[in-house]
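User: Please pick one part of this model, describe it closely, and then place it in its surroundings.

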Amino acid sequence: MLEVCVRHAFPGFTLDAAFEAPAGVTALFGRSGAGKTSLVKAVAGVLKPDQARICVDGTVLEDTGAGLRLKVSDRRIGYVFQEPRLFPHMNVWANLRYGMPGGEMGPVVEMLGIGDLLSRRPNALSGGEAQRVAIGRALLSQPRLLLLDEPLAALDDARKAEILPFLERLRDEAGVPMLYVSHSIAEIARLATTVVAMEAGRVVRVGAAEDVLSDPDVSPVLGVREAGALIRARIARHHADGLTELHGAGGSLWLPRLDQGEGAEVRVRIMAQDVMLSTNPPKGISALNILPVRLTTLRQGDGPGVMVQLLAGDDRILARVTRRSAEAMGLRDNWRGYAVIKSVAVAAENISRA
Amino acid sequence: MSGWLGPAEWQAVALSLRVALVATLFSLPFGIAVAYILARYRFPGHALLNGLVHLPLILPPVVTGYLLLLSFGPQAALGGLLESLGLGVAFRWTGAALAAALMAFPLMVRAIRLTLEAVDPKLEEVAGTLGASRLRVFMTITLPLILPGILTGAVLAFAKAMGEFGATITFVSNIPGETRTVPSAIYAFLQVPAGEGAAWRLVIVSVVVAMGALLVSELLARRVAARIGGRDA
């Protein structure tokens, strides 16, 4: 349980953000300059805000009203930055050991796959290796809360793909709450339990990742091209023709072969612009995924597009269609029809363990 | 070497080494502290402190020596107090060390400050988030990372202290065996008709010590830098 309420006036910018989040990964999302990093700095105690109340799992880190403020070194916050910030005069082992109050480093080293790097110097590591060591170092300090401020932003796509699975394992196995700053919705869709959307220093939306990402009202904050709903599904079968069949609340989904085993729970991000709508069940069409849906929300954008939220079973799906189509098809609340999703449109990076 | 150098020359060399070593070792903690304050903090009086530290570099050494005499001489309040505690420095070798330390201080602070400014404060910040107190951050992160600068600063200060003349002779005079360091001895030898040979030998010693100090500092700094930024341990 994470409770954050911070007010701080910068020259020309006021941070005034408050949210509560359950355990798991809380993603702070927003454009550059929205105040995400300042908020994280306040949580870490690196920034001294004008007013704040910050609680992690019942421990008060700061409460300006009560005149209470823990020093940075007493907060037990693991802070991972965009750059690894490893100590250059220590080898990997000594870096990992630095914040450890005691105990074994074995499990963390194993989880992050850095066992072979222990005797190396930081400048002999690749960017991805260094960042994994930095995550390990923060984790080994036995933090109450792990702050990850754009930990992947400085890495290329291959390195990102190398680290993301470790972050998923961290979420599922380490049990440390995480506050994750990112402006990549793809990362958030994979990792977040809770999403906190920020704009101009304020929190504009807090909620479960599935709820926030499938909310048409949040799409302008995310950027319409990045909009896409998250659905959870279970892998039912890997078929011989290279397709994987998933069962979700809205029906079966057919996707290009996934790595996870049968029975695994996955989260799938379906981009709004990859969803087509049809009034009648489409026939003679190459797309494999045709889900019966009911329209729940329709949101007019400023441009030629319309963002539509649909209910497929209990799953929410977002679709982005043109206003012209919306009018021609008579889209309105409780409209019933079909969502059409091309299997190959769902990229591998949009599928992750649930 | 004592065979090659006459007893008076040897005395001067030994004294100079002692004076320079004491001056360097005692001023080092202050040098690190002042460099840290100048590099890491901005406060009213920053420019003044910086100016004060650098003053001995710019002032005529005789002026520095005279100011020392005014402060630490037996007639001065501070000097009298130290004298009564048995710690008087006027006309003693310890006074020569004080003068040398003061004259060498700007060089030491400069060298340390330069490396301090090259240390990324973000490393200290992350150490804090890992639970390290400010003292532990300084001892385990800052200090090891500025070691090359500390070595360079110390060796430069040592070499400078070996060669200090103006402030020393003004403050503590030129007493054989007590305050007659190598430069003072060279000066004294040059005042007497038969002293040129001795003066030359001391000149050679001075050149060798200065060059040796610079070479050692360069080597040490390179070694440390390689250890700090080096590849696999």
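Analyst: **An open sheet and its setting**

In chain A, 5 strands form an open sheet in the order E16-E20-E17-E18-E19, with antiparallel pairing. Strand E16 (275-278) and strand E19 (315-322) of chain A are the edge strands, each pairing on one side only. On average, neighbouring strands of this sheet are turned by 45° against each other, direction ignored. Such axes are lines fitted to C-alpha atoms, for helices over the stretch in contact, and angles run from 0 to 180 degrees between N-to-C directions.

The model is predicted: local features need pLDDT of at least 70 and side-chain atom pairs pLDDT 80 or more, while totals for chains, interfaces and linings use all residues. Residues are numbered from 1 along each chain as its sequence is written, and chains are lettered from A and ligands numbered from 1 in the order in which they are written.

Helices (H or I, at least four residues) and strands (E, at least two) are DSSP runs, numbered from the N terminus; two strands pair if DSSP finds at least two bridges between them. Within the sheet, strand E17 (residues 289-300) and strand E20 (residues 336-341) of chain A run antiparallel and are joined by 6 bridges. Arg294(A) has Arg336(A) in E20(A) as its bridge partner.

Strand E4 (residues 51-56) of chain A can be followed in the same way. Strand E1 (residues 2-10) of chain A pairs with E4(A) in the antiparallel sense over 6 bridges, and Gln51(A) in E4(A) stands opposite Arg7(A). E4(A) also pairs in the antiparallel sense with strand E5 (residues 59-63) of chain A, over 4 bridges; Val60(A) in E5(A) is the bridge partner of Cys55(A). The hairpin of E4(A) and E5(A) has 2 residues between the strands, and Asp57(A) takes a positive phi near 45° there. The covered face of E4(A) holds Ala52(A), Ile54(A) and Val56(A), the uncovered one Gln51(A), Arg53(A) and Cys55(A). In a regular strand, side chains alternate between the two faces of the sheet.

Chain A is divided into domain 1 (2-213) and domain 2 (228-353), with bounds from an automatic or database domain assignment. The C-alpha centres of these two domains lie 32 Å apart. Between them, 8 residues of domain 1 are in contact (C-beta atoms, placed from the backbone, within 7 Å) with 8 residues of domain 2. On the domain 1 side, helix H5 (157-174), helix H6 (185-191) and helix H7 (209-213) of chain A each give two or more residues.

The largest nonpolar core has 168 residues, and Leu147(A), Ala339(A) and Ala100(B) have the most contacts inside it. Helix H5 (residues 93-118) of chain B gives the most to this core, 17 residues, and at least three come from each of domain 1 (2-213) and domain 2 (228-353) of chain A. A nonpolar core is a set of buried Ala, Val, Leu, Ile, Met, Phe, Trp, Tyr and Cys residues joined through C-beta atoms within 7 Å; buried means 20 or more other C-beta atoms within 10 Å, exposed 12 or fewer, and partly exposed in between, with C-beta atoms placed from the backbone. Leaving aside neighbours within four places in sequence, Ala100(B) is in contact with residues including Val19(B), Ala23(B) and Glu164(B).

Across the chains, 21 residues of chain A are in contact with 20 residues of chain B. Chain B itself has 10 helices and 0 strands, and 42% of its 233 residues are buried.

How values were computed
Contact = placed C-beta atoms within 7 Å.
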